[in-house]
Amino acid sequence: MSGLLEVSNVVAGYGDGPAILDGANLSVQPGKVHCIIGPNGAGKSTLLKTIVGMLKIRQGSVTFKGASLKGKRPDQILRRGICFVPQERALFPKMTVRENLRMGGFSLADKSNLEKRIDEIEERFPILGERRDQHAGTMSGGQQQTLAMARTLILKPEIVMLDEPSLGLAPKIVKEVFSIMRLMADEGITILLVEQNAMMGLKHADWGVVLDLGRTLFEGPAAEVLTDPRIQELYLGGKKAA
Amino acid sequence: MAEVIQILILGMALGGVYALMGSGLSLVFGVMRIVNLAHPVLIMAGAYVAYWAARLYGIDPLLTLPIAAVILAATGVILYKLVFEREARSAKYSEMTVLLTFALAMVLEGALGTAFTNTQRVTSPDYATDAFFIGDIFIPKGQLYAGIVSLAIISALALFLKYSRFGYAIRATTQNREAAELLGVNVNLVGLVSFAIGIGLAGAAGSLVSFVFSFFPAKHWEWIAVLMSLVVLGGMGSIFGTVLASFILAVVAAFIGAYFGATWSTLTFFVALFVVLLVRPQGIFGEKPELA
Ligand SMILES: Nc1ncnc2c1ncn2[C@@H]1O[C@H](COP(=O)(O)OP(=O)(O)OP(=O)(O)O)[C@@H](O)[C@H]1O
Ligand SMILES: [Mg+2]
């Protein structure tokens, strides 16, 4: 089966350091929400960084719509329609909300519609309109996450990858964040979500992928992964109660 | 009262010059995390460009300013390619650059000393020794012009950073290099261009300095203390902070100089550097952004 995005047997790491990913596999189906789970340091963030070209693929392959992404720069991968919202630090804290949104369109060759696109996004997310002249770093965590996610919409991406969007947020805010994600998925955007909180992540996903020690352990429909005994083992005690 | 206004004006004029001397340093630190201890000696090089242009060809240092800026910016490109580019991704990068730029400062000082000797120099266009009088108050034309030109350049820089596409890229890279790269900014190019602009600003500052202070190669060590206190007080990397710190410290130094003597005036900057590092190491504008 060949998906929209295919990661096969990828080996990658930081600089000349040891391989952090060592046999990562992933098959992304269009329009679905995929959740990558795994314990601390499993390599979830590293996998996303490798897909967007921030880390070199040492072995294996990553293909998007059948074309290899190997050796491509982050800006080239972005232009093909893959957006990445990194863990925690996604924004420019001393730029205003509006300027942050403009940065979202930085890679656009044709900027004639940019301001209009930003207006539309401010209409959809009124909080961003209200705070357009405020520095992004002075907003609450939930508002910042909203901005980071909304900013990807400027480019009308095909795949949006979210690295722990719920991190450090209150449960009520987490709900909002996931509902924005659902909204994006309903528009046909394919989502690749990384969550440390396996329960919560899988509940909001269609497909689950379990990563440990840089290797894909197994994947399957989210509901099945959720109840798989191997998960209980992996998260012994801690996370599954959440 | 007249005396207070007099001191204030002199302090402000010097503050303008310091602001330009410090803003290039601040820009380079902000984007590249390079603590450029060679910045003052590069200002010195700019001053020599102005000096020789005036002495050999009789060109006014204000007219030499763009030439000095371009020559130094080109020097910046070469230095960046030779020295800094390779280091840019290393983890110990910031610490490394302190040692690297320290060595660079020594080498450049030696080169300037060999080429131009350690004689005190100053360019003396007519306005450098002239002044406006308003009642009892005098405003030295040289310092006034230098201050005005300096503020004009900084304003142009601020507009460029605020409104141009490349300015967005520079600010974004300063605030969050990884996110900038993810949005399609070529952060290596931004690093190179910012470094060139920063060193170009040193060249521009040098031609102003050439008629405001007398100079000789080894004097850059004196300027380091002044510039470090400006960028630290301003919050490392914040150009606006550096400008504000320049005015505050220059005015304070002017008052201390007037009432307690010139030795104490210089000490203002050392004391400020020390106190800021102890009390508020992030400077005036270096507040920690809330990202949680
Ligand atoms: N910039 C880096 N340089 C070197 N090693 C890194 C870097 N970032 C992460 N690592 C290492 O890579 C491994 C995997 O880290 P990664 O951030 O991908 O884990 P993760 O699954 O996202 O964990 P978390 O749930 O804590 O976010 C860890 O051992 C970590 O120490
Ligand atoms: Mg992570």
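Two strands are taken to pair if DSSP finds at least two bridges between them. The model on display is predicted.

Begin with strand E6 of chain A, residues 82–85. Four bridges connect E6(A) to strand E7 of chain A, residues 159–163, and the two strands run parallel. Select A:Phe84 next: its bridge partner in E7(A) is A:Met161. In a regular strand, side chains alternate between the two faces of the sheet. Here both faces of E6(A) are covered, with A:Ile82 and A:Phe84 buried on one side and A:Cys83 and A:Val85 buried on the other.

Turn now to the largest nonpolar core, which has 87 residues. Which of its residues touch the most other members? They are A:Met103 and B:Met21. Helix H8 of chain B, residues 187–212, supplies the largest share of this core, 13 residues. Apart from this core lies another, of 47 residues, including A:Leu101 and A:Phe178.

Centre the view on A:Met103. Leaving aside residues up to four places away in sequence, A:Met103 touches A:Phe92 and A:Met95, and also B:Tyr168, B:Ala172, B:Leu183 and B:Val185.

Finally, select B:Met21, one of the residues that line the second largest pocket. This pocket has a volume of about 210 Å³. Helices H1 (2–32), H9 (220–233) and H11 (262–279) of chain B each supply at least two residues of its lining. Also among the lining residues are B:Tyr18, B:Trp223 and B:Phe269. By class, the lining has seven nonpolar, two polar and two charged residues.

Terms used
Residues are numbered from 1 along each chain as its sequence is written. Chains are lettered from A and ligands numbered from 1 in the order in which they are written. This is a predicted model: local features need pLDDT of at least 70, side-chain atom pairs count only at pLDDT 80 or more; totals for chains, interfaces and linings use all residues. Side-chain values use heavy atoms; hydrogens and water are left out. On a 1 Å grid over the protein atoms alone, a cavity is a set of points where a 1.4 Å probe fits but cannot get out, and a pocket is an open set with protein on both sides within 12 Å along at least five of seven lines; lining residues have an atom within 4 Å of a point. Grid points are joined across faces, edges and corners, and a volume is the space filled by probe spheres set on the points. Ala, Val, Leu, Ile, Met, Phe, Trp, Tyr, Cys and Pro count as nonpolar, Asp, Glu, Lys and Arg as charged, and the others, Gly among them, as polar. A nonpolar core is a set of buried Ala, Val, Leu, Ile, Met, Phe, Trp, Tyr and Cys residues joined through side-chain atoms within 4.5 Å. Buried means under 20% relative accessible area, exposed over 50%, partly exposed in between (1.4 Å probe, protein chains only). Contact means heavy atoms within 4.5 Å.
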